[in-house]
Amino acid sequence: MPEKYTFGKRYNYPHMMPYDVAIWERFIEKNPDAYDFVSYDVKVGSTPAFDTVVNQDTGGHADNLYKRKIDVVGYKGDSIDIIELKPKAGTSAIGQVKGYTKLYTREYTPPVEVGAVLITDQMLPDMEFLSREEGVRLVIA
């Protein structure tokens, strides 16, 4: 299981880009009780069929380079959300968070249904409609 942190602002968010950090911290400020715990940079997905060992002597491999990385997994009570942070989120971000949700569910087999959440900084045309139709919660932060 991914490492969990208490929900709140931190000095560092693993592999999160500056624009994503700004969106995430605005979300935390506006929603201080949204989650109890969170995990960052959660790796999901299959590794390639070819050999990813980069050092035969130590067995070091590059599997994690090929995995997809979920920005945030949020835990609140018994619920779990897969969260994608994206400036000016467009239609591809909907598919991305839905795909990550399916991969997370396949790999971790949580006992509850997993939600898909897209947190962005601007409401682009049609995103509210498309997100709702696809079962993705869209949040502007």
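## Charges over rings

The charged end of lysine 4 lies over the ring of tyrosine 75, at 4.2 Å from the ring centre. Arginine 10 has its charged end over the ring of tyrosine 5, 4.1 Å from the centre. A charge sits over a ring if NZ of Lys or CZ of Arg is within 6 Å of the ring centre and within 35 degrees of the ring normal.

## Basis of the model

The model is predicted: local features need pLDDT of at least 70, side-chain atom pairs count only at pLDDT 80 or more, and totals for chains, interfaces and linings use all residues. Residues are numbered from 1 along each chain as its sequence is written, and side-chain values use heavy atoms, with hydrogens and water left out.

## Aromatic pairs

Rings of Phe, Tyr and Trp (its six-membered ring) pair if their centres lie within 6.5 Å; planes under 30 degrees apart are stacked, over 60 edge-to-face, and the rest tilted. The count by this rule is nine aromatic pairs. One of them joins tyrosine 13 and tyrosine 40 edge-to-face, with 5.4 Å between centres and 70° between planes. Tyrosine 13 is in the loop between strand E1 (5–6) and helix H1 (18–30), and tyrosine 40, 27 residues away, is in strand E2 (residues 37–44). Helices (H or I, at least four residues) and strands (E, at least two) are DSSP runs, numbered from the N terminus.

Tyrosine 13 is buried, at 4% relative accessibility, and tyrosine 40 is buried at 7%. Buried means under 20% relative accessible area, exposed over 50%, partly exposed in between (1.4 Å probe, protein chains only).

## Cluster

Tyr5, Phe7, Tyr13, Trp24, Phe27, Tyr35 and Tyr40 make up one aromatic cluster.
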